[in-house]
Every structure is written in structure tokens, then in C-alpha cells.
Amino acid sequence: MQKVEKISPEINKVYFIENHTLIHILTGKGSIQVDFKNYFDWQEKAIFLEKGQYIKFLSDDFIVRRIEFSNETKFYSNDVRVLFKHLISLGYIDLLECEDCNTFLSESALTDNSSDIIDVSSKQWYWQNPFKANKEEYQVIFDAKEIIDKEYSNHLTGNDLVSLINDRGYNAQALIKNKIGLSVKNLMRSKRLQESQKQVAFTDKSIQEVSYELGFKDDAYFNRVFKNSTGQTPKQFRENFDFKNRDLFTQNIIELLQKYHAQERSLEFYANKMNLSVKVLSKKVQSKMNTSLGQLIRLELINTAKLMLIEDESITSISRKLGFEEPNHFTSFFKHYSGITPTNFKLKKYNS
């Protein structure tokens, strides 16, 4: 069984994932946040989330199709777990590359056999081959991830962890380092940090309690490790994430960016509008939104440019409307931050 619904998510609200879930963003622009990481390049992707994760939408104009799957046994399949058990980033399928995925995500198909999207997507994931590994190597990597997710609070050494893995003839530690670019120890540290952030942000537990539950020797050491990783103490992190109150800062700055980004690039302009100094505004954006103000401005420009390209406006016209001195300046900017030229972006859309 599965639950399919179309929603307009609230800005900055934490949506906890209670069942394995597929998120398909139908319309909207801006960034999303999953487990304290911001993602800007989510367009034309089907995003897969595991139980225990969360997602936030850092704009108020998203329309999202959410598919929740309740057949838990399916997600223990070694082939399916690659979609949901994220290694270093989001699990996703590029819909521009997967015609079958688009077919299953159409309104008509979803009512009958939406669970089949999992099988189609897992095949597509292996075809995308994000870490350039073969299937057997992926099973070794995800076996390690399974153990990390179970043992992260026990402070196992890298050797302890690898000894728990049936490496089937592989050197698991070397394989993970080669394919993912991170050591087993770093993967374990990343998992522990993520769980500590969730405990700090979403519970009323004392910092001492969180420290103890995550296996740290004392809360002073936990505070130091946490601050070295996030730039904030656990107390500051809890206050800035503002899970319960959801203050209006994020909404206010996003509304300003949406209104003025085509004309105004300077940080001073937005600082004045918010009645803050540039330093305070920049620090607040970083702590509350996990990104920089400059990145948010660039994101608005890129998203607006993409919409205008889809509507078949000329590059010269877009360049002028977005305040670039020359069309080639706009082209260079677009390619630098989106990885594709405006012309190729338009062609890709026409051919999809």
C-alpha cells in the first residue's frame, strides 16, 4: 500500500519522514533542506527519503507530490536500499534521463501501480552509477553504511567497523575511500554529527543527555566536537534552528530576494531592508539557513533565468532584465553556477 498526495508545503516547516517516501517537486523555486544540508539543484529529480529523515522547503511557492510507501519488507532489499540509504548526499533519480520514471510519475499511472516506481528507479540508479562502482562493490559499500547506521554511537574504530563487514574479497575500507572519497571513520563521524544535530534541534533533552546517549565521554568534549563541526555550540545551534517557534526571519529574507534580486546584488541593500548590519545579516543567514546570502542571491537569479529560458525569452532579453552588462556575462554566470550554458539548458528542456 502507498499514500499519494499533492501538497503545498509551508515555508521553513520541518516535515518528518515517517515512512519511506518519494518526493517529486512539481513546481516552485528556491532551495530545500534535508538533514541540515541545503540543496539547490533538485529540479527534474525524484528524491528518495528514508524513515527518520526530514525535509524543509525554504520558499513558499512549492507544489510537491509525496508518495509514502508502507510495504516495509521491500526496503530491506539490497537493490532498493541504494535509493534511500544516503551515503554523502540525497538519493535521487534524474527524471530527464528516465522515461519509465516519468511514465510512472504521471497522474494516471500513480493510482494503479505507484509502488513499481521503486523497481524502475533502482534500475535507473544503477544505470546512473553515481560512484562508478559495480553492483557487488555497491553491496559492500551499503553493508558498511548499514553497520554505521546501527553502531554510530558506540565509537567503533575504523578497523572495528570493517571487521563487522563481510567484504566478499574486497578491502572494504579502501573500496569506500576510492569510490566515495571518504574514509569509513569520516562516514561514521558524519552520521554521529547528523544524529547529534537532530537530538539538539528536535528534542528538549539537555546537552549532557545528548552527549551521553551518543557515547561521548563528557559534555565538554561533545560541545567542542560539535562546535568544531558546525561552527556553533549545541545551545546556539538549538536557538538558531528555532524548530518550535519558526520565526519570520527566513520568510522575510526570501521575500526580499524574490522581489529585488533582478535589480539588487549588494549585501548592503538587503541588510538595510532587514535593519541589520551586513555582518549580522550574513551570520544570521548562515546559522538559520545553512548557506550564504550571496548564494541565495545567485540561486534566485539562476532560477529566474531558467524560467525565462523555458518561456523562450532570448538570452539578450534575459541578460538585460537581470541586470547583466552584456549577454556573454550572463552566459558565463549561468554556466558557472548551473553547469550548463543557457542555450544547452533550453535545448535539453525541448528534448525532454
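Which side chain meets lysine 85 in a salt bridge? I looked this up and found glutamate 50, at 3.0 Å, N to O. I count a salt bridge when a side-chain nitrogen of Lys or Arg is within 4 Å of a carboxyl oxygen of Asp or Glu. The two partners are 35 residues apart: lysine 85 sits in the loop between helix 1 (81–84) and strand 9 (91–94), and glutamate 50 in the loop between strand 6 (45–49) and strand 7 (54–57). Lysine 85 is buried, at 9% relative accessibility. My terms are buried for under 20% relative accessible area, exposed for over 50%, and partly exposed in between (1.4 Å probe, protein chains only).

Notes on the source. The model is predicted, so I take local features at pLDDT of at least 70 and side-chain atom pairs at pLDDT 80 or more, while totals for chains, interfaces and linings use all residues. I number residues from 1 along each chain as its sequence is written, and side-chain values use heavy atoms, without hydrogens and water.

Whole chain. I noted 18 helices and nine strands in the protein chain; helices (H or I, at least four residues) and strands (E, at least two) are DSSP runs numbered from the N terminus. Of its 352 residues, 48% are buried. The box filled by the C-alpha atoms is roughly 60 × 50 × 35 Å along the principal axes.

I next checked glutamate 146, which pairs with arginine 81 at 3.3 Å, N to O. Here glutamate 146 belongs to helix 5 (residues 135–151) and arginine 81 to helix 1, 65 residues apart. Arginine 81 is buried at 4% relative accessibility, whereas glutamate 146 is partly exposed at 25%. Both pairs I looked up belong to a network of salt bridges that links Glu50, Arg81, Lys85, Asp143, Lys145, Glu146, Asp149, Lys191 and Glu195. I also found glutamate 10 bridged to lysine 13, with the closest N and O atoms 3.9 Å apart. Glutamate 10 is partly exposed, with 40% relative accessible area, and so is lysine 13, with 28%.

A charge without a bridge. Aspartate 242 lies in the loop between helix 11 (234–241) and helix 12 (249–260). I found aspartate 242 buried yet with no salt bridge; the nearest side chain of opposite charge, lysine 288, is 4.5 Å away. Apart from neighbours within four places in sequence, aspartate 242 is in contact with Asp247 and Lys288, where contact means heavy atoms within 4.5 Å.

Conventions. Lys and Arg count as positive and Asp and Glu as negative; His and the chain ends are not counted.
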